[in-house]
Amino acid sequence: MEDFEEESVSGSESEGNDSVMSDGELQEAFAKGLLKPGLNIPLEARKKAVNNVEGLKQCLADFKKDLAWVERLDLASRPLPDIMAKADGKLTTLDSGEIHAEDDFQREMYFYRQAQAAVLEALPRLKKFNISTKRPEDYFAEMAKTDHHMQKIRTKLLAKQASMEKSEKAKQLRELRKYGKKVQTDVLQKRQKDKKAMMTAVKKYQKGMTDKLDFMDGDQEKGKKGASGAAGPNAAKKKRGPNAKRQYKDQRFGFGGKKRGSKWNTKESHDDMSGFRSKAAHGKSGKNFGKGGKQGASKRPGKNARKKMKNRS
């Protein structure tokens, strides 16, 4: 028991000695490779900031080019003042120089007025150097896209339009087919309904429940209705009388006279008794009219006489 206590005390002392290693000892151990990787992270020394003004000026002089303003076209100008606000006697935030970067409207107005000031300053300079600022009317700019590319786009658009028209026609055909099927279905249902009603009426008539045969005149009534509907315009035309062409011909060549009803009796012919003969009317005249109104017709022999005449022959 005492030996175990002594061993534990010595182990704790050795661990304490290891943990109390100085930084120099740790660096030496790390340099020798005695420390395991991952347990310690090496610290890099901070880089010293150097402000080499002379070197920066030299680099600037190396890539700097002394070009004319026409080649550079750079301007640094302040924004124009608000003329309308000045006329009203108001002072805007842009004129006072107080611009809030978070305010989108103020920021965009600042850019807009600054662009206006740059344009007003640059145009006189360009005119001074005889540089045109407007495009001539006969100027044709080069297309950003080639003709081949635009032809491909045109072909694609035409193909898309053709496909849309084709789908639209197919849709219309489908709608027409649906409508045709619906009409056909309605006609078949109507026929079945009429047939069912006909069979019901026939059964009632056979059983003696009714004595009417109106169901047999169904088609005839439909035909009459159709005929009356078709004759309607002709009847109206007859009421209007002859057309202008017929009237002109009648006026030029004369009317041929009435053809129909020429032998009809009239009031004057009915009252005219000049040609009436009572003897001829009652058969008392000397003339012998036989059967059929023929004059001098022979009388037919009787049955017995005809039989005797047949036996003789």
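What follows is a chat about a predicted model.

Colleague: Hi! Before we start, what counts here, given that this is a predicted model?

Modeller: Local features need pLDDT of at least 70 and side-chain atom pairs count only at pLDDT 80 or more, while totals for chains, interfaces and linings use all residues. Residues are numbered from 1 along each chain as its sequence is written, and side-chain values use heavy atoms, with hydrogens and water left out.

Colleague: Thanks. How many helices and strands does the chain have?

Modeller: There are 13 helices and 0 strands. Both are DSSP runs numbered from the N terminus: helices are H or I with at least four residues, strands are E with at least two.

Colleague: And what share of the residues is buried?

Modeller: Buried residues are 5% of the 313 in the chain. Buried means under 20% relative accessible area, exposed over 50%, and partly exposed in between, with a 1.4 Å probe and protein chains only.

Colleague: Switching to charges, how many salt bridges are there?

Modeller: The count is 5, where a salt bridge is a side-chain nitrogen of Lys or Arg within 4 Å of a carboxyl oxygen of Asp or Glu. One of them joins arginine 72 and aspartate 74, at 2.6 Å from N to O.

Colleague: Which residue does arginine 107 form a salt bridge with?

Modeller: Its partner is aspartate 104, with the closest N and O atoms 2.7 Å apart. Both residues lie in helix H7, 3 residues apart, which is about one turn of the helix. Arginine 107 is partly exposed at 26% relative accessible area, and aspartate 104 is partly exposed at 47%.

Colleague: What about lysine 267 and aspartate 271?

Modeller: Their side chains meet in a salt bridge too, at 3.7 Å from N to O. They are 4 residues apart in helix H11 (residues 267-271), so about one helical turn separates them. Lysine 267 is exposed, at 64%, whereas aspartate 271 is partly exposed, at 48%.

Colleague: Last one: where is arginine 177?

Modeller: Arginine 177 is in helix H8, residues 147-207, and is exposed at 57% relative accessible area.
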